[in-house]
Amino acid sequence: VVIFPKETVLFFQVNLTEFNKVTASDFRIVANFNNVRENQDFIIPEVVEKPEFTSNIRLSEKRIQFIIKK
């Protein structure tokens with residue numbers, strides 16, 4: 001499977017006092033192929049783990065295109 005884009009940007013809000021606590025490993029984004037419908041060529045990424053002190057989380061990409069190579 002080849003996906004595009006390979007990376008996406010995550011936007012979030014956090015209190016300034018908590019800013020230095022946030023790291024990339026605090027977030028987990030999943031694109032589940034089990035949710036793909038027939039003839040669909042994209043998956044929808046979801047944020048499944050995040051620090052509790054963050055809010056307004058969104059991804060720059062709403063869809064991730066994929067191609068299945070044989």
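Three strands make up an open sheet, and their order across it is 1-7-4, with antiparallel pairing. Strand 1, residues 2-4, and strand 4 are the edge strands, since each of them pairs on one side only. Please keep in mind throughout that this is a predicted model.

How many bridges hold each pairing together? Strand 1 and strand 7 pair in the antiparallel sense over three bridges. Strand 4 and strand 7, the latter spanning residues 64-67, are joined by two bridges and also run antiparallel. If you wish to find these pairings on the screen, look for V2, which stands opposite I67 in strand 7. On the other pairing, look for I43, whose bridge partner in strand 7 is I64.

Strand 7 also has two faces. I64 and F66 belong to its covered face, whereas Q65 and I67 belong to the uncovered one.

I now turn to the salt bridges, of which the structure holds two. One of them links E18 and K21, and the closest N and O atoms of this pair are 2.9 Å apart. Are these two partners buried or exposed? E18 counts as buried because its relative accessibility is 18%, and the cut-off for buried is under 20%. K21, by contrast, has a relative accessible area of 52% and is therefore exposed.

The other salt bridge brings together the side chains of R28 and E49, at 3.6 Å from N to O. R28 lies in strand 3 and E49 in strand 5, so this pair ties together parts that are 21 residues apart in sequence. R28 is partly exposed, with a relative accessible area of 44%, and E49 is partly exposed too, at 40%.

In strand 5, residues 46-49, we also find V48. Which residues does V48 contact, once its neighbours within four places in sequence are left aside? They are R28 and V30. The C-alpha atoms of V48 and I29 are 5.8 Å apart in space, although the two residues are 19 apart in sequence. With a relative accessibility of 43%, V48 counts as partly exposed.

V22 and F42 are 20 residues apart along the chain, and their C-alpha atoms are separated by 29 Å. Which residues does V22 touch, not counting those up to four places away in sequence? The list consists of F12, V14, F27, F53 and T54. V22 is at 17% relative accessibility and therefore counts as buried.

Next, I ask you to look at the loop between strand 3, residues 28-30, and strand 4, residues 42-43, where Q40 has its place. A polar atom of the Q40 side chain lies 2.9 Å from the backbone oxygen of F42. Q40 counts as buried, at 17% relative accessibility.

N39 is found in the loop between strand 3 and strand 4 as well. Is N39 buried or exposed? Its relative accessible area is 77%, and N39 is therefore exposed. The backbone of N39 also deserves attention: phi is near 65°, a positive value in a residue other than glycine.

N56 likewise has a positive phi, of about 50°, although it is not a glycine. N56 has its place in strand 6, residues 54-59. At 53% relative accessibility, N56 counts as exposed.

One further backbone feature concerns a peptide bond. F4 and P5 are joined by a cis peptide bond, with omega at about 0°. P5 itself is placed in the loop between strand 1 and strand 2.

Finally, let us consider the surface. V1, F33 and I68 form a nonpolar patch there, and together they have about 310 Å² of accessible area. Of these residues, F33 is found in the loop between strand 3 and strand 4. F33 has a relative accessible area of 40%, so it is partly exposed.

Thank you for your attention.

Conventions: Residues numbered from 1 in each chain as written. Predicted model: local features only at pLDDT ≥ 70, side-chain atom pairs only at ≥ 80, totals over all residues. Heavy atoms only, no water. Helix = DSSP H or I, 4+ residues; strand = E, 2+ residues; numbered from the N terminus. Buried < 20%, exposed > 50% of the residue type's maximum accessible area, 1.4 Å probe, protein only. Contact = heavy atoms within 4.5 Å. Polar contact = N/O pair within 3.5 Å; in protein donor to acceptor, adjacent residues only side chain to side chain. Pairing = 2+ DSSP bridges. Patch = residues over 30% accessible without salt bridge, like charges linked within 9 Å, V, L, I, M, F, W, Y side chains within 5 Å. Areas by Shrake-Rupley, 256 points an atom, 1.4 Å probe, with all protein chains shown as cover. Salt bridge = Lys/Arg side-chain N within 4 Å of Asp/Glu carboxyl O.
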